[in-house]
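This report describes one protein chain for a reader who is new to structures. Please look at the model first, then read on.

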Amino acid sequence: MGFKIVMQDNSADIIELVKKNKERALEAVGIQAEGDVKDEIEILEAKDTGRLQQSIAHAVHDDSVEVGTNVEYAVYVHEGTGRNTAGGNPYKRWVYTDPLDGKTRMVHPQKPRRYIKNAIIRYAKDYMSILAEYLFKRD
């Protein structure tokens, strides 16, 4: 009685499966992170009209996920203004003319409400779990 050993190279299938699972994993992390950032805006009470919160989106790149917004004032909410920023205006309030409508406005320094940074740090372990779940799937 003899034995016959047959070797089959399945490496291409495995590589394709890992690639597909990576894409799914990153998309799942992006969806979760997007929701977490939106929730953080609520927690920090950084919501006025809801425009910033509604604008939060994610994009998957080769090996990463980007979560952010295209709202022009988002950086001021996230990082703060005036004396609350490095090198910011030291005054308690200041006046400027809005270039869009020509109106004069008085503004006060805004404390930073780091909705993106806080959410990503708080839920980093959850994102790692999502990655592990998807990357070790066999289907």
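What percentage of the 139 residues in the chain do buried residues make up? Buried residues make up 24% of them, where buried means under 20% relative accessible area, exposed means over 50%, and partly exposed lies in between (1.4 Å probe, protein chains only). The model is predicted, so local features need pLDDT of at least 70 and side-chain atom pairs count only at pLDDT 80 or more, while totals for chains, interfaces and linings use all residues. Residues are numbered from 1 along each chain as its sequence is written, and side-chain values use heavy atoms, with hydrogens and water left out.

**Overall layout**

The chain has five helices and four strands. Here helices (H or I, at least four residues) and strands (E, at least two) are DSSP runs, numbered from the N terminus. From that terminus on, the order of the elements is α-α-β-β-α-β-β-α-α.

The C-alpha trace spans about 95 × 30 × 30 Å along its principal axes. The radius of gyration of the chain is 23 Å, whereas a compact globule of 139 residues would have one near 14 Å. This radius is taken over C-alpha atoms, and the globule rule is 2.2 Å times the number of residues to the power 0.38. The chain exposes about 10500 Å², of which carbon and sulfur atoms supply 53%. Accessible areas come from the Shrake-Rupley method with a 1.4 Å probe; for residues, only the protein chains shown count as cover.

Contact means heavy atoms within 4.5 Å. Of the contacts in the chain with a separation of 6 or more, 58% are between residues 24 or more positions apart.

**The nonpolar core**

In soluble globular proteins, nonpolar side chains tend to be buried together. A nonpolar core is a set of buried Ala, Val, Leu, Ile, Met, Phe, Trp, Tyr and Cys residues joined through side-chain atoms within 4.5 Å. The largest one in this chain has 16 residues, and V37, I41, L52, I56 and Y115 touch the most other members. At least two residues of this core come from each of α1 (11-43), α3 (74-79), α4 (115-122) and α5 (124-135). The largest share, five residues, is supplied by α1.

Which residues does I41 touch, not counting residues up to four places away in sequence? They are A46, K47, L52, Q53, I56 and Y115.

I130 is found in helix α5. With a relative accessible area of 15%, I130 is buried. Apart from neighbours within four places in sequence, I130 is in contact with A25, A28, V29 and Q32. I130 and V29 are 101 residues apart in sequence, but their C-alpha atoms are 6.5 Å apart in space.

**A hairpin and a loop**

Strands β3 (residues 94-97) and β4 (residues 104-107) pair in the antiparallel sense over four bridges. Two strands pair if DSSP finds at least two bridges between them. The bridge partner of W94 in β4 is V107. Six residues lie between the strands of this hairpin, and G102 there takes a positive phi near 75°.

Most residues other than glycine have a negative phi. E45 is not a glycine, yet E45 has a positive phi of about 55°. E45 sits in the loop between α1 and α2 (51-55). Is E45 buried or exposed? E45 counts as exposed, at 65% relative accessibility.

**Salt bridges**

A salt bridge is a side-chain nitrogen of Lys or Arg within 4 Å of a carboxyl oxygen of Asp or Glu. By this rule the count is eight.

| Salt bridge | N to O distance |
|---|---|
| D63 and K22 | 2.7 Å |
| E34 and K38 | 3.4 Å |
| R105 and D98 | 3.3 Å |

D63 is exposed, at a relative accessible area of 61%, and K22 is partly exposed, at 28%.

E34 and K38 are separated by about one helical turn, because they are four residues apart in helix α1. E34 counts as buried at 17% relative accessibility, while K38 is partly exposed with a relative accessible area of 24%.

R105 is partly exposed, with a relative accessible area of 30%, and D98 is buried, with 13%. Together with D101, these residues form a network of salt bridges.
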